[in-house]
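Work through the exercises below with the sequence and the model in view. Each task is followed by its solution.

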Amino acid sequence: MSSSVALTKIVESMNLKNLTPDVDISTIEVTTPDINRPALQLTGYFEHFAAERVQIVGYVEFTYLEHMTREQRVEAYEQFLAHKIPCIIFTTRTTPDDDILSIATRQGIPVFSTDKGTSPFMAEIIRWLNVELAPCISIHGVLVDVYGEGVLIMGESGIGKSEAALELIKRGHRLVSDDVVEIRKVSDASLVGSAPDITRHFIELRGIGIIDAKTLFGVESVKNTQTIDLVIKLEEWDKDKEYDRLGLQEEYTEFLGNRVVCHSIPIRPGRSLAVIVESAAVNHRQKKMGYNAAQELYNRVQNSLTKKRDK
């Protein structure tokens, strides 16, 4: 589970302007995706102050400060910055005065600014922090974007996951991760998969070695992140095992408490894995749009039997 994110990464991703360059931000970490607008704190109320959050000063707080005398502002700054907050971000092209920058530098608290409006910036940084700080696990598998559906291919080592991914890329789909997939729970309904930085865009093919999908097939063949919509488990064909041939009942697998639809696909020589994965992805998409082919077949059979009985 990701427990913190470096402030330097936030600054880079949010394109923030550093107004206190003398403050060392290399060791500062943010541990919560929530943010705080310190309106009450600037009035002197600190009883329920979430000091661990990123502090955002919007246009409302900024104009409130402008209506204070300088002595009142300095006192408010001293009280506010006496708490160990990770940083302050001024939004909506507001320019903080020299007093807060001086006090913040002395207290070792970085101050940043952004041209973005307060509401859209808050929505952006909360969404971004939720992803970065989401519970995370690493699993063995291959994640591919097939017709917009995130398909996680799992199975024993050497069963053909990477080969299936390569064939899917050749057919115009996009690779997210090969071998190791990092799964983040960004909400109770969404899982997002990505590749570790070290192995991003690489595929391991036994007998050939490592290939770079981005270099070989172009930037349109890869993707950095993808929601996980469907799991396909590849397994060796077992003639004694009963496989689902209709698909009336959905099977699920679970990651981080979230359920994902799962299909077990038996592997035999001559089966085109890429075509099977494509078909599974399109069928899953159809079901989300309200059409279930298995249910349609079942209804036709039932109607046929009813008509025969009526005769």
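**Exercise 1.** Determine how S10 and strand S17 (residues 230-236) pair.

Solution. S10 and S17 run parallel and are joined by 5 bridges; strands are DSSP runs of E with at least two residues, numbered from the N terminus, and two strands pair if DSSP finds at least two bridges between them. Within this pair, Ile 153 is opposite Ile 232 in S17.

The model is predicted: local features need pLDDT of at least 70, side-chain atom pairs count only at pLDDT 80 or more, and totals for chains, interfaces and linings use all residues. Residues are numbered from 1 along each chain as its sequence is written, and side-chain values use heavy atoms, with hydrogens and water left out.

**Exercise 2.** Describe the link between strand S9 (residues 142-146) and S10.

Solution. First, the direction: S9 and S10 are antiparallel, with 5 bridges. Last, the connection: the two strands make a hairpin with 2 residues between them, and Tyr 147 in the turn has a positive phi of about 55°.

**Exercise 3.** Is strand S10 (residues 149-155) mostly covered or uncovered?

Solution. In S10, 6 of the 7 residues are buried, that is, under 20% relative accessible area with a 1.4 Å probe, counting protein chains only. S10 is thus mostly covered. For the protein chain, 45% of the 311 residues count as buried.

**Exercise 4.** State what the C-alpha trace spans along its principal axes.

Solution. The trace of the protein chain spans about 90 × 60 × 30 Å.

Notes. Buried < 20%, exposed > 50% of the residue type's maximum accessible area, 1.4 Å probe, protein only. Helix = DSSP H or I, 4+ residues; strand = E, 2+ residues; numbered from the N terminus.
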